[in-house]
Amino acid sequence: MSMTFYLPKDASARAMGADAVAAAITKAAPDAKLIRTGTRGMTWLEPLLELELDGTRHGFGPVEPGDIAGILADPQGHPKALGPVTDIPFFKTQTRLTFARVGVIAPTDMAAYGAHGGLTGLRRALSMSAAAMVEEVKASGLRGRGGAGFPTGIKWDTVRLANADQKYIVCNADEGDSGTFADRMLMEGDPFTLIEGMAIAGIATGATKGYVYLRSEYPDAIATMNAAVIAARKGGLLGDLLGSGQQFDMEIRVGAGAYVCGEETSLLNSLEGKRGVVRAKPPLPALEGFMGKPTVVNNVISLASVPTIFANGAAAYADQGLGRSRGTIPVQLAGNVKFGGLFEAGFGMTLGALVNDIAGGTATGRPVKAVQVGGPLGAYFAPHQFDTPFGYEEFDGAGGLIGHAGITIYDDSADMLGMARFAMEFCAVESCGKCTPCRIGAVRGVEMLDRMKSGDPVAQEVLEDLCETMRDGSLCALGGFTPYPVLSALRLFPDDFAARKEAAE
Amino acid sequence: MKDFRFPEDADFGTPAKSGAPVTLTIDGFEITVPDGTSVMRASMEAGIPIPKLCATDSVEAFGSCRLCLVEIEGRRGTPASCTTPVTPGMVVHTQTPKVAKLRRGVMELYISDHPLDCLTCSANGDCELQDMAGVVGLRDVRYDAQDTHFAQRAATGPNPHYIPKDESNPYFTYDPSKCIVCSRCVRACEEVQGTFALTIEGRGFDSRVKAGAGADDFLTSDCVSCGACVQACPTATLREKSVAEIGTPDRSVVTTCAYCGVGCSFKAEMKGDTLVRMVPWKNGKANRGHSCVKGRFAYGYASHSDRILNPMIRDKITDPWREVSWDEALSFAAKRLRGLQDTHDKDSIGVITSSRCTNEETYLVQKLTRAVFGNNNTDTCARVCHSPTGYGLGQTFGTSAGTQDFDSVEHTDVVIVIGANPTDGHPVFASRLKKRLRAGAKLIVIDPRRTDIVRSNHIEAAQHLALRPGTNVAVVTAMAHTIVTEGLADESFIKDRCDWEEFAEYAEFVSDPRHSPEATEVYTGVPAATLRAAARLFATGGNGAIYYGLGVTEHSQGSTTVIGIANLAMLTGNVGRNGVGVNPLRGQNNVQGSCDMGSFPHELPGYRHVKNADTRAIFESAWGVTINPEPGLRIPNMLDEAVQGRFKGLYCQGEDILQSDPDTKHVAAGLAAMDCVIVHDLFLNETANYAHVFLPGSTFLEKDGTFTNAERRINRVRRVMAPKNGYADWQVTQLLANACLKESGSAQWSYSHPSEIMSEIASTTPSFAGVTYDLLEEKGSVQWPCNDDAPDGTPLMHVDGFVRGKGRFIVTEYVATDEKTGPRFPLLLTTGRILSQYNVGAQTRRTANVVWHDQDVLEIHPHDAENRGIKDGDFVKLASRSGETALRAQITDRVSPGVVYTTFHHPDTQANVITTDYSDWATNCPEYKVTAVQVSPSNGPTEWQEEYAEQAAQSRRILPAAE
């Protein structure tokens, strides 16, 4: 009997030893079929091996090479057997729309992509007018998943209505926020979804050329995307789109290691070969973007959510969610976490449900002290705020932001003054240096926190004024959001800041 | 509030725009501005300044300093006013508690990283950072900053952020410790100058302004020292050394640069009668606030110790000079001149007018020969540069001048640059051209050398036609062939504006297959496909403009090429509107003016022939004399006649013919044969070695007058200090005239101010009829013709029809020059100039500009160098049929194999020893650009150079003044 194994080739699985597992399988069962897929997103189970039994994929994890013989001998009875993968609670409770195929298929297998619902969205899009397509995106309620939450349909409409000889679709894959990995998992697990989303965006706006600006720290994603682009050209997903006569092609461009190039205007500068410094807006990139031409700049997840919207209709997508936050969001659970990974669900779950129920609290087992939501520039939340529902407006109202939906968990041993200092230091290291509040302010912020640590009674007032200057005066979100973690740490955990002061006195 | 007006050269923060009117409210005042204007500029125009540091209106808004934040009703947050465009009905508040606090917060950050040495800083009182600290009301800096860029030492050792001052540039310093990283310098270098020498290196707190890359400093980087960065810097970071030495200026006078024909307006900033610095004037219509290294910085010659301040005479040129009083010198000169006229004849003396002096001065010099000497023996250095322009454009269009203003380049789509090297010769125009090229205009360069305009940072010519020197006519005619035979001519324009029959004849001529690119390729060296592509581009690429220089005129067929260029413009319908036209780039500051003022022996002011009795009558009645109806002698004829013993006396104002004119040996022989050579100059120039009378000249800083630039723009020159020699040049000419008139017992001249001379010019010359000093004061400048038909002057010529009536096509038969290469002289030498030096170098060699070019070098292709065993930097002998000299070789592929190139800025090289006496068939303009030469290794200066140096030293001896 021929066996079919599925094993992630995702960077997180490989980091946990998936390649050695693959080698062990090939050696132990040379006749078995081994399909390398993306990841299911349950990082604590990686390498998560799946074996198809009676048409159902059963999971084993975390698997080591030495486990293979036992699994081959007695799959069901193996101690690492997890039962049907889709029944694992972390997975079962998700609503996988954007990530529907991630972990399921081989990333660059065009046939598998089609067999699992791929290209349906593009086919429908090709039958629609550009205006109707934009309306579809507007109706879905999709907002920018990079963090800003700007309505994607409105951005597309601006580009669609702009008059130019050339327009572009630029995918922001410079996923630099610590604790986030949704873009990477999508690109490594189901790159055609992103390509399809970009092609649809191209048709809707009149853009014939796309770029994925991919960070250099993602070598696997770069390789997968490049392979996918070649496969897509062969498969009609790029070039003459499905033989329709509509043209769209794209390239993968690799960044050079600057966090700030995830900011859309510095990304465009970098893409043009210039210094990655922030541009003032206006002009909006939608009107004067890449090479001065109208450009859609969308995050990976925004674009990758487009095919499902077109395949199943805007209403199906908009059915998910809460308030003005429609559809699903791939939450990334990281830090000191028991069940780390990617969890796609409709907006509206509370922060507490995500941290405690889904993520299972801390890995150390100690109480959760704080969580940082939205990357290194996101605000800290303390357990008393855990009833905040996951949504753009809801987090804004609570003094935070959801950003790229990364949640980093800290236990009660975290030094929040140190974390505040880290936020300023991060800003100082990553600042592009253009605007004064960020360029000088971040350095002074570190100095002020050091003064607070040494018990300087004046420093807090200066720090708070500095945070106001940075928040309201900075040119982009890097300097503008750095005060979020700093001030939230200060407000939520004053003792962490005051204790040092007392100690010094 | 609305009654308040900023000075016209105030900084409005962001550039002016030209959209439809938009009305908004700023702090309760309604203001209407063009669409696209920033809130910052609108506010300034309403009389409400907004604090700013990174914004300045010479460059686009950047939005980095965050001082100009405002609140706008209905908008979130505090947008930067510099980057926010106005919208109709917008309600802006420039001062709210919110923005006031933010601005103070930003200033506190700036000052936390700034050395507070204001009282001893060279920018004290002239520092925008200082001003803004006051404006925002900063009262305290609470950061006890640990990490800074200004402290030389940190707590634990040397401060790694500290970078010492860069003093490598001779004129300004870069002090990184005072830098606020506003990027104004970087943006000025990119947007205004177009050199891209500066960048920001590092990021975040490590962001630093950097010239070049790696170990470069300002001097070794690509920096061309134009001063745009210094101009843009709001602090003492980039600062003129002169200000550091002298202190900040306390008054300023707007005047006009005395270098090239661009005619940039400058503010001469003064302290007492000391010039502190020259700052480009933003309202100058030629330069729009930009400058180059010469005009901006190279004014030190005016106070150089070589300047001669007292008149001197000597009986023989082998005698040493004797300093005498003005009276003695003038009467000595007048007696000699009148004596020569008595013993020989009236026509035995003459004058050479200067293209560096003012219109008024030039007018007086030609008047001197016509009204006092009684002949037409006047010529000018335009003879040796742009005389073919006068002839060629006069014949085809009807005026002897360029058709456009410089602003026109902002509307052009395809530019032909032929025989010009604007980045070196006309740098401020080149910057404006490069800006347009970066915006997408296409460029065709026709030049034997790969000049910087062919390819440099962020610009590249679509086509470079690297022709063999001397084949301009063939190339231009082949372009016309392509346009006509491919049906690309603009026939409706030609029918409408030109003589159709002449066109038909011309079309038949150029259509002949012998003019095809394929046929001419053999001797022009330009591949046919390249030439055809260039011709197609020019004919079909939109607004086409042609800019040309001495590489066109200084040939035996110089006039023919000018005619060919005019033909091309007419053929493609590119005359008479913005963005097109034919534009000679004039070499010297007032070469246009000296031509306008009747400097040529056959023309009275306004290009009217002396044989024309009506014109003579105007001047005869104004001057009370009879004017000789026969044209006088051109410079080469004067020298020929001198050698023949028939021309004996010369008054030469502000020109050094010995160095600048071709075939130096012949010039020297001519001068040596004269009995009275009067040199009127700042320095004992090379010509003065053969002079009997030296009359000290005044600089452009020391006199009033006007210069006329390449766009026919009459700009005011204003006296900012008293003449160090005692008299302005127009006064000296008047004194000489009066000394001569005294000898003959005639009535004296009595001008008391150049404005009176301009009145005389206006009353006698129709194209200047409307020009008065009052008008120039009011308008800043005007372009001639300025008269009742065009009271504000004429920016564009030939708008509704050519001045001569119908545009005239003239056939342009290529005739190869007689100067041919052969076994003895197998290479072709062509000459030119370099950015840092000007003309014969009399001025620039006496400034720190020599750091960029301290000697003339010979550019030679690696192939030719290899054949001759020449290595880079070797001394080589350069020989032609006329003479030989030695200089150092520079091996470069800028020149093609078979072509060598040098400059003529240094008298000890004397490139013109080499050049021949071949000249333009129509105007005698010398053929500087083509000389057959041989190059060979050499040990050092030639015998001729050594003899010349010895003779010059002997000739420059000055006897100590009598006790």
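The model is predicted. Chain A is assigned domain 1 (4-92), domain 2 (110-317), domain 3 (324-411) and domain 4 (416-504). In chain B, seven strands form an open sheet with mixed pairing, and helix H19 (residues 558-571) has 14 of its 14 residues buried.

**Chain A: domain contact**

- The centres of domain 3 of chain A and domain 4 of chain A, taken over C-alpha atoms, are 23 Å apart.
- Eleven residues from domain 3 of chain A and twelve residues from domain 4 of chain A make up the contact.
- On the side of domain 3 of chain A that touches domain 4 of chain A, seven residues are nonpolar, four are polar and none is charged.

**Chain A: cis peptide bonds**

- Glu46(A) and Pro47(A) are joined by a cis peptide bond with omega of about -5°.
- Pro47(A) sits in the loop between strand E2 (33-37) and strand E3 (49-53) of chain A.
- A cis peptide bond also runs from Gly61(A) to Pro62(A), where omega is near -10°.
- Pro62(A) belongs to the loop between strand E4 (56-60) and helix H3 (68-73) of chain A.

**Chain B: the loop at Ser38**

- Ser38(B) is in the loop between strand E2 (29-34) and helix H1 (39-45) of chain B.
- Ser38(B) counts as buried because it has 28 C-beta neighbours inside 10 Å, and the cut-off for a buried residue is 20 or more.
- Leaving out residues up to four places away in sequence, Ser38(B) touches Gly13(B), Thr14(B), Ala61(B), Ser81(B), Cys82(B), Thr83(B), Thr84(B) and Pro85(B).
- Ser81(B) is 43 residues from Ser38(B) along the chain, yet their C-alpha atoms are separated by 6.5 Å.

**Chain B: positive phi values**

- Ser183(B), a residue other than glycine, has a positive phi near 70°. It is placed in the loop between strand E7 (172-174) and helix H4 (184-193) of chain B.
- Ser183(B) has 24 C-beta neighbours inside 10 Å and therefore counts as buried.
- Arg288(B), also not a glycine, has a positive phi near 50°. Its place is the loop between strand E13 (274-280) and helix H7 (293-297) of chain B.
- Arg288(B) counts as buried with 20 C-beta neighbours inside 10 Å.

**Chain B: helix H19**

- The 14 residues of H19(B) should span 20 Å at 1.5 Å a residue, and the end C-alpha atoms are 20 Å apart, so the two values agree.
- Because 14 of its 14 residues are buried, H19(B) is largely enclosed by the rest of the structure.

**Chain B: the seven-stranded sheet**

- The strand order in chain B is E15-E14-E29-E28-E27-E16-E17.
- Strand E15 (322-323) and strand E17 (378-380) of chain B stand at the edges; each has a single partner strand, so one side of each lacks a neighbour in the sheet.
- Helix H9 (residues 359-373) of chain B packs on the sheet and touches strand E16 (349-353), E17 and strand E27 (649-653) of chain B. The direction of H9(B) makes about 170° with that of E16(B).
- Strand E14 (residues 312-313) and strand E29 (residues 693-696) of chain B pair in the antiparallel sense over two bridges. Across this pairing, Ile313(B) stands opposite Val693(B) in E29(B).

Terms used
Residues numbered from 1 in each chain as written. Chains lettered and ligands numbered in written order. Predicted model: local features only at pLDDT ≥ 70, side-chain atom pairs only at ≥ 80, totals over all residues. Helix = DSSP H or I, 4+ residues; strand = E, 2+ residues; numbered from the N terminus. Buried ≥ 20, exposed ≤ 12 C-beta atoms within 10 Å, placed from the backbone. Contact = placed C-beta atoms within 7 Å. Expected span 1.5 Å × (residues − 1). Pairing = 2+ DSSP bridges. Axes fitted to C-alpha atoms, helices over the stretch in contact; angles between N-to-C directions. Domains from an automatic or database assignment. Nonpolar A, V, L, I, M, F, W, Y, C, P; charged D, E, K, R; others polar.
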